[in-house]
Amino acid sequence: YLDEIASLGLGTREIGFTGGEPFMNPDIVAMLEDALSRGHEVLVLTNAMQPLQRPRVKAGLLALRQRYGERLQIRVSLDHYSRALHEAERGDGTWERTLAGLDWLAAEGFRIAIAGRTCWGEAMENERRGYAALIAERGWPIDAADPAALVLLPEMDVKAEVPEIS
């Protein structure tokens, strides 16, 4: 696909990687390198848990961050700013592992963002305030007021009319 983008002159700016969990793919670091080395920005959607914490993955990510800096962004799924609601979605013990992943990414200077969910009927302003407090407490370089840095996703409703995405 990267060859096709180049040969057709499509002007694609950003390449996104998701999964499941993209860091489960043993070739993920090489795949990120392929996209970054061709001049694209890269967005990786992750839960920031065990696969991200593997030494080989960490070393590869650090090398990519050193070479490509801000062109590599990691967006971490943190379903809610509270342990209870995050773990209601992701399971027991996921809160601390996700925070540890975010802490590592922040400490190493990665461009990071958070993806949260809005399925609890909470006002958007309250959610942003809750995330802002957690972000400040942890010292993460994320602006909770910026909708690109803190992406709050609505719940999917099978009855709702939505645009097609391809």
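**Entry 1: α5 and α6.** Axes here are lines fitted to C-alpha atoms, for helices over the stretch in contact, and angles run from 0 to 180 degrees between N-to-C directions. From α5, R83, H86, E87 and R90 meet T94, W95, E96 and T98 of α6; contact means heavy atoms within 4.5 Å. I sorted this contact by class and got 1 nonpolar, 3 polar and 4 charged residues. For the classes, Ala, Val, Leu, Ile, Met, Phe, Trp, Tyr, Cys and Pro count as nonpolar, Asp, Glu, Lys and Arg as charged, and the others, Gly among them, as polar.

**A note on the source.** This is a predicted model, where local features need pLDDT of at least 70 and side-chain atom pairs count only at pLDDT 80 or more, while totals for chains, interfaces and linings use all residues. Residues are numbered from 1 along each chain as its sequence is written, and side-chain values use heavy atoms, with hydrogens and water left out.

**Entry 2: H86.** My cut-offs are under 20% relative accessible area for buried and over 50% for exposed, with partly exposed in between (1.4 Å probe, protein chains only). Leaving out residues up to four places away in sequence, H86 touches S77, L78, D79, H80, G91, T94, W95 and T98.

**Entry 3: α2 and α4.** The axes of α2 and α4 lie 10 Å apart, at an angle of about 10 degrees, and the two helices are therefore roughly parallel. V29, L32, E33, L36 and S37 of α2 meet V57, G60, L61, L64, R67 and Y68 of α4. By class, I find 7 nonpolar, 2 polar and 2 charged residues in this contact.

**Entry 4: the faces of α4.** Which residues of α4 are buried? I noted V57, G60, L61, L64 and Y68. Seen down the axis of α4, they fall within an arc of 100 degrees, so they line one face of the helix (the arc is that of the directions from the helix axis to the C-beta atoms). On the other side of α4, P55 and Q66 are exposed.

Terms used:
Helices (H or I, at least four residues) and strands (E, at least two) are DSSP runs, numbered from the N terminus. Angles under 35 degrees count as roughly parallel, over 145 as roughly antiparallel, 65 to 115 as roughly perpendicular and the rest as oblique.
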